[in-house]
Amino acid sequence: MHYMEDTEKYAYWLASVKGFGRRMQRHLFAQCASAAEVYALKETQLKKIAGLTQKDTQAILESKKAWDVDGEWDALINRRAIGFVSIENDRLYPAQFREIYDAPYAVFYRGKLPSEKEFRVAIVGARMCSEYGRGMAGELAKELALQGVPIVGGMAKGIDAAGHRGALNAGGATYAVFGCGIDVCYPNYHKQLYYDIAKSGGLLTEFLPHSAPHPSHFPQRNRLISALSDVVLIIEARQKSGSLITADFALEQGKDVYALPGRVTDALSDGCNRLISQGAGIILSVDDFLKELSLSAARKKDFADLQKKSLEKEELLVYSCLGLLPVGMEELLAKTGLEIQTLVRILTCLQQKKYIEEIYKNHYKIVTG
């Protein structure tokens, strides 16, 4: 049996112990180094673990008696076609989740898991949205997808669904994070969207299969939407809105937040207008937003990676002036202050290293994904 698969079998067992939340799961993992080690402990050994109550010990012992490790794993992966990855898996577990303090111990998914190299944008907002908000969400998602940027959302009615569909219509990738089990399509009339997202991107959740969409799950879900995203767009939101919870998580996680402004008399715009008054970026048009994103947030991860590759100082300078949208030679000359011969040489080197690409004559953009 492959070592990591064997390890994940036990991680699935630990994730399924009744009454255990992610904090207890991670605590046991930290104390014992793996779920397999926890499973192997006898009652006397379990009682010696700090922070583990008698009730917790009994829950583990009873679960071990009732749980068929191989059978349950086979049912999950093969019969139910559900993917599983735990925080023990350094290779597959989403790196962005590790960066938050209350990272989920395990993630269930369908489709594919997000790549660490991707630059992603979340589009979230009101369920009962206006046609204007729905149209803006779809257009932003479409234009971002055309630039190779996957869209993240919660597959909720309204703005979230419009963002997902906009990305799909442009042939792009999109990811939906659930506040229920991965085998529960919520809302249930989004079944076609569910299947389409699984084909072009991925569906993810920290909740066990069959888990109902309980209201308390959605704030937890929202922290993962922001964690997976480099930038969060709030399209329409009332004063008390789950989207504002996502914005709060994003700010706590150091992400950029943008909001779509609206009329001060429109309740759907109240949350967005307040975010802007508190310092959030403002979406004035699709083109302006793409330009701003291109010149700032879109290269954050790539720029850090390039620094590690020990690029020359002038190569980093040129790369820092590029983004998702093509930048012309004249603009690069003005921004970098380099001689044209030097700039041409550096652009050629960066193209050869596949960090940038020439979209059309003398116009360049970064390579993402």
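Good morning. Lys47 is partly exposed, because its relative accessible area is 48%, and here buried means under 20% relative accessible area, exposed over 50%, and partly exposed in between, with a 1.4 Å probe and protein chains only. Please keep in mind that this is a predicted model, in which local features need pLDDT of at least 70, side-chain atom pairs count only at pLDDT 80 or more, and totals for chains, interfaces and linings use all residues. Residues are numbered from 1 along each chain as its sequence is written, and side-chain values use heavy atoms, with hydrogens and water left out.

Let me stay with Lys47 for a moment. Its salt-bridge partner is Glu43, with the closest N and O atoms 3.5 Å apart; a salt bridge is a side-chain nitrogen of Lys or Arg within 4 Å of a carboxyl oxygen of Asp or Glu. Glu43 also counts as partly exposed, because its relative accessibility is 33%. In the whole structure, a search finds 19 salt bridges.

A second pair has a different setting. Glu206 and Arg223 meet through their side chains in a salt bridge of 2.6 Å, N to O. This pair links distant parts of the chain, 17 residues apart: Glu206 lies in the loop between strand E6 (202-205) and helix H11 (217-227), and Arg223 lies in helix H11. Helices (H or I, at least four residues) and strands (E, at least two) are DSSP runs, numbered from the N terminus. Are these two residues buried or exposed? Glu206 counts as buried, because its relative accessibility is 14%, and Arg223 is buried with a relative accessible area of 2%. Through shared partners, salt bridges join Arg22, Asp102, Glu206 and Arg223 into one network.

I turn now to the nonpolar cores. A nonpolar core is a set of buried Ala, Val, Leu, Ile, Met, Phe, Trp, Tyr and Cys residues joined through side-chain atoms within 4.5 Å. The largest one has 70 residues, and those with the most contacts inside it are Leu28, Phe84, Met155 and Ile234. Helix H1 (residues 3-15) supplies the largest share of this core, five residues. Apart from it lies another core of 27 residues, including Val121 and Leu268.

Finally, consider Tyr101, in the loop between helix H7 (95-98) and strand E2 (106-111). Tyr101 counts as exposed, because its relative accessibility is 66%. Which residues does Tyr101 contact, leaving aside its neighbours within four places in sequence? They are Arg23 and Arg26, where contact means heavy atoms within 4.5 Å. Thank you.
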